[in-house]
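Me: Please go through the labels attached to this model and set each one against its cut-off. I would like to see the value and the rule together.

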Amino acid sequence: VRRIAIVVGVLAVLAAVAAVAVPRPETADERVERLAAELRCPVCQGLSVNDSPSESAREMRAIIERRVAEGRSDDAIRDEFRAAYGDWILLAPPTGDPRGLVWLVPIVAIAMGVLLVISRLRGASSPVVRPTPEQLALLRERARLEEAEGLRVPPLFPGSGAK
Amino acid sequence: VTFADVGGGALRAALVLALWGLFAAAHAAWRRDGRSLESARWAALGSLILVLVAAASMVAALLAHDFSIRYVAFNNALETPAYFSAISLWAALEGSILLWTAVLAGAVAFVAWRGTRALPRLATTALAVMFAMLAFFLFLVVTPAADPFVRLDPVPPNGRGPNPLLQDHWLMGLHPPLLYLGYVLFSIPFAYAVASLILGEGGDRWITATRRSALVAWALLGVGIVAGAWWSYAVLGWGGYWAWDPVENVAIMPWLVATAYLHSVMVEEKRRMLRTWNLALVIGAFSLTILGTFLTRSGVVNSVHSFTQSAIGPLLLGYLAAVLAFSVGLLLWRSPRLRDVGQIGAPLSREAIFLFQNVLFVAATLTVLLGTLYPLLVEAVSGDQVSIGAPYFDRVEVPIALALLFLMGIGPQLPWHGASRATLERQFALPVVAAAAGATMSLLAGLRAPMAVLAYALVAFVCATVAQEIARGIQARRTLHGESRLTALANLFRRSGRRYGGYVVHVGIAVVALGIATSQAATVEAEATLAPGGSLVVAGREVVFEGLRDVDEPQRQAVVADLRIGDTVLTPALTYYPNATQPIGTPGIAAGPDQDVYAILAAYDARGRAWATIQIRVIPLVSWLWAGGAIVGVGAVIAGLPAPRPRERTREVAAARPLRRPAVDTSGE
């Protein structure tokens with residue numbers, strides 16, 4: 001039952017995430033919001049146009065709204081602001097750019113770290129060393145002896161006993 | 001005698017005492033000389049008292065508006081209210097360094113009087129290291145660049161007043177000191193680690209000795225970060241709480257590394273491995289606190305060109321370089337003595353999960369560090385100006401955070417060494433079902449962002465694992481000791497505080513994650529320009545604009561909009577300070593357990609007060625973030641409280657189950 005519950009539960013979570021991950025057509029407002037979040041408010045300390053309540057951010061937002069209504073592409077809108085302010089206006093460097101190297105670092109760091117840990121792991125085959133039934137019987141007998149007599153008995157397994 | 005005479009004199013005397021203490025402690029550790037140690041102790045106490053006198057005279061000068069001191073004239077005005085005058089101690093660079101030094105002097109005195117009693121040689125060596133740090137900071141505060149008591153002549157009739165953003169909210173009195181306490185207390189584990197390397201101990205005594213100070217530092221820093229986010233939310237008026245601003249980034253980096261450290265030391269304690277790694281983590285966390293001070297206090301990141309203008313920048317950079325060179329050099333020199341005894345178990349063992357968790361935390365830190373420094377690097381190499389902001393950090397850090405949530409649910413459920421399939425099924429059946437329920441709930445609540453749905457599933461997963469652990473713990477105590485449910489629960493927290501306090505911290509983090517996921521994914525906003533009497537409807541709630549008011553206070557003038565939502569009145573404002581060109585926007589917030597209504601006065605009719613542009617954001621579950629931060633703090637307290645004497649416990653256990661003592665233990669070792 002537990003195994004079934006785990007499988008069903010994992011599948012349910014994946015299905016839920018997949019259900020919302022299916023791309024939907026974007027509304028104009030959503031597009032404006034997404035683009036505004038990528039652009040820096042020029043008078044703020046690192047806030048995006050979307051987040052900033054400042055006057056110049058509101059003006060930029062109005063421009064984005066106009067361009068979206070005119071049917072320009074995302075890149076055309078971005079390029080318009082890049083031409084006016086420089087690449088500085090983008091809050092994240094484009095992935096294609098050589099300066100977009102910054103995207104690689106976290107991926108490489110995680111991959112290297114995970115590989116390092118895996119290479120140090122002990123073999124995954126038998127995680128717990130379990131005593132055999134014969135050994136268990138011996139252990140029980142020994143425990144009974146110890147409790148009954150309070151005696152020190154010789155080591156159970158040759159080689160593994162008192163050093 | 002002026003405040004400046006007293007404060008400046010006290011700092012110089014404290015510097016002399018700190019240098020004396022450095023030599024006395026070094027001599028005591030080297031020669032095992034008790035009299036030198038006694039002398040170093042008094043030097044520590046003396047310098048603490050002197051630094052406190054200096055800090056007190058600065059606060060007194062601020063309260064008395066003594067404008068003959070430059071710091072007071074630049075950060076205070078006759079009109080500043082007393083509370084904000086007093087906390088202006090940390091309103092600018094010089095005062096902040098003074099506060100930092102005072103906290104550090106307290107940490108030195110703590111090690112001198114408490115630490116050296118428990119572990120004389122190790123703690124005395126650590127004391128010498130801490131005296132060296134204290135001497136550096138005292139040197140810093142007596143150099144002209146950072147001397148808080150530099151005088152001003154002629155004395156101006158009035159001061160400039162503190163930075164407007166810093167005199168707006170009572171939280172300003174809470175969150176900087178919390179952060180500083182957190183930052184500075186990391187110097188205790190660092191000093192012990194360095195001392196352990198100097199003495200070539202190779203063991204983990206330094207970890208046991210500093211477990212509590214590392215936990216306290218971590219908790220204060222974490223709570224301070226949440227308090228800072230709350231301040232940002234309540235003061236900056238943009239409806240958010242985290243902007244990946246350099247100041248925020250440098251606070252979160254040492255916290256991330258320290259979180260990795262708090263977990264990986266458990267691996268060292270249980271499995272006698274990761275020794276070099278833990279030393280590297282504690283060195284990293286400590287260095288990041290200095291790097292943070294350097295980056296934010298020298299003006300390097302906010303404005304690239306002010307680097308040379310600030311004389312304290314090069315000093316801090318030199319200090320950072322010295323700390324890194326010294327500690328990394330020590331680590332390399334002593335690495336032959338740092339042999340690991342234990343071995344990592346299977347991929348599904350607790351130690352392996354801790355290691356993966358460490359990888360993620362370190363990668364998250366590297367990403368924040370790189371993102372913060374990248375604009376500097378690019379400009380240095382190519383001269384181009386680029387920005388790295390929320391879109392970058394969100395896209396990288398959110399998946400890492402979700403992966404960490406996942407590991408947070410898994411790790412505590414796995415035994416050391418490795419788990420069998422039966423164990424896995426027993427431990428995870430219920431939590432996985434809970435995760436499915438969490439994901440379903442998020443869909444029913446209307447969330448449509450995949451990351452948010454996943455976050456809900458993982459939060460439910462984590463909370464279910466914790467509930468399961470506590471339920472099993474209670475059941476075990478009931479069977480073994482015949483306790484009632486409540487007694488058993490209380491005893492779990494009292495006797496195994498470290499473990500169950502840790503679970504409380506995990507729940508707190510899950511609550512924070514829920515607050516972030518919901519508020520990020522489901523905020524609704526609207527904006528309208530209204531005449532008095534007009535209204536707008538946001539998320540089903542009607543907001544009525546009743547009109548504008550002018551409010552004049554001695555230190556500022558404000559234009560306040562009165563908004564009515566049902567019975568609640570919100571008063572967002574634009575405030576004008578004499579020392580700021582731009583008005584400061586203060587939001588009006590109606591906080592609630594399910595959602596906050598956050599109102600901003602964006603613009604208004606300056607002539608006739610006939611209209612106002614109002615932005616309304618309805619932000620769900622954002623207050624859960626602050627509550628989660630408080631839960632983390634409570635969990636840390638539970639984890640840090642000393643457990644009752646262990647002898648009593650063993651006797652009790654032995655008496656309760658005489659037949660269950662495993663015989664293998666006696667024969668196997």
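**Labels and their cut-offs**

Reply: A:Leu11 has 52% relative accessibility and therefore counts as exposed, since exposed means over 50% relative accessible area, buried under 20% and partly exposed in between, with a 1.4 Å probe and protein chains only. This is a predicted model, in which local features need pLDDT of at least 70, side-chain atom pairs count only at pLDDT 80 or more, and totals for chains, interfaces and linings use all residues. Residues are numbered from 1 along each chain as its sequence is written, chains are lettered from A and ligands numbered from 1 in the order in which they are written, and side-chain values use heavy atoms, with hydrogens and water left out.

Me: Which element holds A:Leu11, and what makes a nonpolar patch with A:Val7, A:Val10 and A:Leu14?

Reply: A:Leu11 lies in helix H1 (residues 2–21) of chain A; helices are DSSP runs of H or I with at least four residues, strands are runs of E with at least two, and both are numbered from the N terminus. A:Val7, A:Val10, A:Leu11 and A:Leu14 form the patch on the surface, with about 350 Å² of accessible area together. A patch takes residues with over 30% relative accessible area and no salt bridge; nonpolar side chains (Val, Leu, Ile, Met, Phe, Trp, Tyr) are joined within 5 Å, and like charges within 9 Å. The areas come from the Shrake-Rupley method with a 1.4 Å probe, and for residues only the protein chains shown count as cover.

Me: What is the secondary structure of chain A, and how much of chain A counts as buried?

Reply: Chain A has 6 helices and 0 strands, in the run α-α-α-α-α-α from the N terminus on. Of its 163 residues, 32% count as buried.

Me: Why is the contact of A:Arg67 with A:Glu80 called a salt bridge?

Reply: The closest N and O atoms of A:Arg67 and A:Glu80 are 2.7 Å apart. A salt bridge needs a side-chain nitrogen of Lys or Arg within 4 Å of a carboxyl oxygen of Asp or Glu, so the label holds. A:Arg67 lies in helix H3 (residues 55–70) and A:Glu80 in helix H4 (residues 74–85) of chain A, so the pair ties together parts that are 13 residues apart in sequence. A:Arg67 counts as buried at 15% relative accessibility, while A:Glu80, at 27%, counts as partly exposed.

Me: What makes B:Glu469 and B:Arg499 a salt bridge, and which parts does the pair tie together?

Reply: Their closest N and O atoms are 2.7 Å apart. B:Glu469 is in helix H16 (residues 450–481) and B:Arg499 in helix H18 (residues 497–522) of chain B, so the pair ties together parts that are 30 residues apart in sequence. With a relative accessible area of 7%, B:Glu469 is buried; B:Arg499 has 42% and is partly exposed.

Me: How many salt bridges does the structure hold over all chains?

Reply: The structure holds 33. One of them joins B:Arg556 to B:Glu553, the closest N and O atoms being 3.5 Å apart. B:Arg556 is buried, at 18%, and B:Glu553 is partly exposed, at 32%. Salt bridges that share partners also join A:Glu26, A:Arg31, A:Arg34, A:Glu38, A:Asp74, A:Asp75 and A:Arg78 into one network.

Me: Why is the pair of B:Tyr241 and B:Trp626 called edge-to-face?

Reply: Rings of Phe, Tyr and Trp (its six-membered ring) pair if their centres lie within 6.5 Å; planes under 30 degrees apart count as stacked, over 60 as edge-to-face and the rest as tilted. By this rule there are 26 aromatic pairs over all chains. B:Phe136 and B:Phe137 form one that is edge-to-face, with 5.3 Å centre to centre and 85 degrees between the planes. The rings of B:Tyr241 and B:Trp626 have centres 6.1 Å apart and planes at 90 degrees, so this pair is edge-to-face. B:Tyr241 lies in the loop between helix H9 (205–235) and helix H10 (246–271) of chain B, and B:Trp626 in helix H19 (residues 622–640) of chain B, so the pair ties together parts that are 385 residues apart in sequence. B:Tyr241 counts as buried at 6% relative accessibility, and B:Trp626 counts as buried at 10%.
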